[in-house]
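User: Could you take a close look at one part of this model for me? I would like to follow how its pieces sit against each other.

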Amino acid sequence: MKRRDFLKWTAVSSAGLALPGSLPVLGRIAQAARGPDLVVARGTPTPQVVRAALDALGG
Amino acid sequence: MKRFVARGDVVILKPNIGWDRNPQYAATTNPEVVGTLATLCFEAGAKKVRIFDNTVNDARRCYRQSGIADAAAAAGAEMVVMDGRKYRDVRINGTALKSWPLYGEIFEADKLINVPIAKTHSLSGLTLAMKNWMGVMGGVRFRVHQRLDESLVDLCRVIKPTLTVLDAVRILTANGPTGGDLSDVKRLDTVVAGVDQVAVDAFGTTLFGMKPEDIGHVRLAAQAGLGVMDLSKLQIKRISV
């Protein structure tokens with residue numbers, strides 16, 4: 001990245017972070033990266049439901 | 001499971017096997033849930049998977065009748081009859097419990113996975129994940145029934161599972177924890193998984209048409225900062241298989 005591009009990217013990112021509501025958005029992005037808090041899996045057969053639940057939890 | 005279990009880990013699975021009943025009565029954790037978790041642990045590289053509970057009825061009968069002994073054997077896991085010499089006094093400094101003998105292996109293992117069943121309980125309202133830790137207590141554990149909610153919260157101050165998987169394949173909607181009448185059993189074909197045991201229990205209450213705050217130990221645990229009870233603050237992913 002060239003110096004001019006870097007400065008432009010920094011300015012745009014900073015402006016974005018300053019907008020109201022941007023922190024919850026960042027929080028949601030971080031949450032998505034580490035997976036949901038809870039997984040509720042339903043169906044049959046049971047072994048497949050357990051596997052699906054663990055997969056969805058990020059396991 | 002690789003998020004939770006690493007190669008070479010010794011893993012403890014702690015189901016609810018307290019009663020000498022077969023799985024249809026929903027008094028004990030579903031054996032397929034336990035067996036599949038054991039298999040997933042081995043697939044993630046676990047060296048050993050050990051399964052136990054301090055049962056109310058005779059342990060060997062409970063292990064066999066629940067179907068969990070067979071499920072464990074099929075997965076290559078070890079069913080352990082708990083050894084009275086392995087309890088150690090653990091300093092808790094809680095509201096109701098200052099110290100209590102707890103089963104040492106749960107602190108020595110690399111990973112601890114709580115696998116309770118969801119059912120009603122005559123004293124605590126429901127027995128879910130937090131209540132399942134009574135199965136690692138030694139001593140005269142029924143003494144804690146005098147201050148049950150506070151005692152369960154105190155246990156959760158020192159017992160921090162890697163993962164909690166709540167079995168709601170069948171739930172016991174009345175006459176828990178022992179059950180014995182199939183008309184009290186409701187089939188939901190559901191499992192709830194999470195890291196926060198208070199959050200798992202909070203969601204578990206909804207399976208019975210209740211709210212998290214309806215159950216004393218869930219409410220107190222959230223107030224103590226041991227987990228989140230407010231379901232609106234949790235990211236809950238629902239999937240159908």
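This is a predicted model: local features need pLDDT of at least 70, side-chain atom pairs count only at pLDDT 80 or more; totals for chains, interfaces and linings use all residues.

How are α5(B) and α7(B) oriented to each other, and why?

Analyst: Let's begin with the two helices. Packed helices in general are described by the angle between their axes and the distance between those axes. Here, the axes of α5(B) and α7(B), the latter covering residues 216-223 of chain B, come within 8 Å and cross at roughly 50°. An angle between 35 and 65 degrees is neither roughly parallel nor roughly perpendicular, and α5(B) and α7(B) are therefore oblique to each other. As for handedness, α5(B) passes α7(B) in a right-handed crossing.

Now for the residues where they meet. From α5(B) come B:Asp149, B:Glu150, B:Leu152 and B:Val153. On the α7(B) side, their partners are B:Gly216, B:His217, B:Leu220 and B:Ala221.

Two of those α5(B) residues also come up when we turn to B:Lys131. This lysine lies in the loop between β8 (125-127) and α5 (148-158) of chain B. Leaving out residues up to four places away in sequence, B:Lys131 touches B:Leu152, along with B:Leu148, B:His121 and B:Ser124.

Key. Residues are numbered from 1 along each chain as its sequence is written. Chains are lettered from A and ligands numbered from 1 in the order in which they are written. Side-chain values use heavy atoms; hydrogens and water are left out. Helices (H or I, at least four residues) and strands (E, at least two) are DSSP runs, numbered from the N terminus. Contact means heavy atoms within 4.5 Å. Axes are lines fitted to C-alpha atoms, for helices over the stretch in contact, and angles run from 0 to 180 degrees between N-to-C directions. Angles under 35 degrees count as roughly parallel, over 145 as roughly antiparallel, 65 to 115 as roughly perpendicular and the rest as oblique. A crossing is left-handed if the near helix is turned anticlockwise from the far one by less than a right angle, and right-handed if clockwise.
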